[in-house]
Amino acid sequence: MLLILALAKPFDLALELVQIIALPMILMNAFGIFLFCLIIKTSVVEEVRMKASQTHEAFQIAQQTVVHFRQGLNEHSCRQAAEIIKEATGVVAVAITDRNEILAHVGAGADHHLNNQKIKTKLTYRVLEQGTIIKATKKAEINCKNANCKLQAALVLPLKVHQQTVGTLKLY
């Protein structure tokens with residue numbers, strides 16, 4: 001509106017135009033700012049709600065699997081825990097390893113990621129060495145030696161006891 005007053009000629013007509021558009025323009029700008037703030041607030045609230053829901057889901061999974069993990073990392077306890085995790089998360093496969101071998105593999109790839117076999121993927125070895133979560137977004141990053149492996153992406157988490165990595169939990 002100031003630009004109209006400063007640049008438009010004659011000044012009387014510019015002033016008349018500004019008087020006509022001032023109130024609607026101010027109201028619409030205020031309404032636009034209100035909508036913008038409402039959208040930001042809604043997205044922040046939704047993000048907090050989503051994080052709370054994910055945390056709740058993680059605690060439910062932990063509560064269901066802790067009974068099995070208390071039995072130690074063995075084939076039977078790990079298979080039961082892997083089935084619970086696969087069902088709860090909806091991933092295509094779940095695997096649990098110790099430092100040397102696959103203790104349980106449920107879902108896609110179970111035809112060649114067999115229990116009691118030596119760990120097959122370099123990704124798992126990296127997690128065991130580094131003790132950090134590693135995400136693979138491409139089949140090549142999983143680096144399974146089986147050419148027909150259907151596993152396309154993975155999230156590999158270290159299983160730790162007293163700050164020592166004792167195995168991995170793999171979500172494909």
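Let me begin with a definition: a residue counts as buried under 20% relative accessible area, as exposed over 50%, and as partly exposed in between, with a 1.4 Å probe and protein chains only. By that definition Gln163 is exposed, at a relative accessible area of 70%.

Before I continue, please note that this is a predicted model, in which local features need pLDDT of at least 70 and side-chain atom pairs count only at pLDDT 80 or more, while totals for chains, interfaces and linings use all residues. Residues are numbered from 1 along each chain as its sequence is written, and side-chain values use heavy atoms, with hydrogens and water left out.

I stay with the backbone for a moment. Most residues other than glycine have a negative phi, and most peptide bonds are trans. Gln163, which is not a glycine, has a positive phi of about 65°, and His162 has a phi near 50°. His162 is placed in the loop between strand S4 (154-161) and strand S5 (164-171); helices (H or I, at least four residues) and strands (E, at least two) are DSSP runs, numbered from the N terminus. Gln163 is in the loop between S4 and S5 as well. His162 counts as exposed, at 74% relative accessibility. The peptide bond from Lys9 to Pro10 is cis, with omega near -5°, and Pro10 lies in the loop between helix H1 (2-7) and H2.

I turn now to the helices. Helix H2 (residues 11-69) packs with helix H3 (residues 75-89) at an angle of about 165°, their axes being 8 Å apart. Axes here are lines fitted to C-alpha atoms, for helices over the stretch in contact, and angles run from 0 to 180 degrees between N-to-C directions. That makes H2 roughly antiparallel to H3, a term for angles over 145 degrees. The contact, meaning heavy atoms within 4.5 Å, includes Glu57 and Ile61 of H2 and Ala88 of H3. Ala88 is partly exposed, with a relative accessible area of 34%. Leaving aside neighbours within four places in sequence, Ala88 is in contact with Glu57 and Ile61.

Beyond its neighbours within four places in sequence, its contacts include Leu73, Ile119, Leu159 and Thr168. The side chains of Thr97 and Thr168 make a polar contact (2.6 Å), that is, a pair of N or O atoms within 3.5 Å, where within protein one must be able to donate a hydrogen and the other to accept it, and residues adjacent in sequence count only if both atoms are side-chain atoms.

How values were computed: Parallel < 35°, antiparallel > 145°, perpendicular 65-115°, else oblique.
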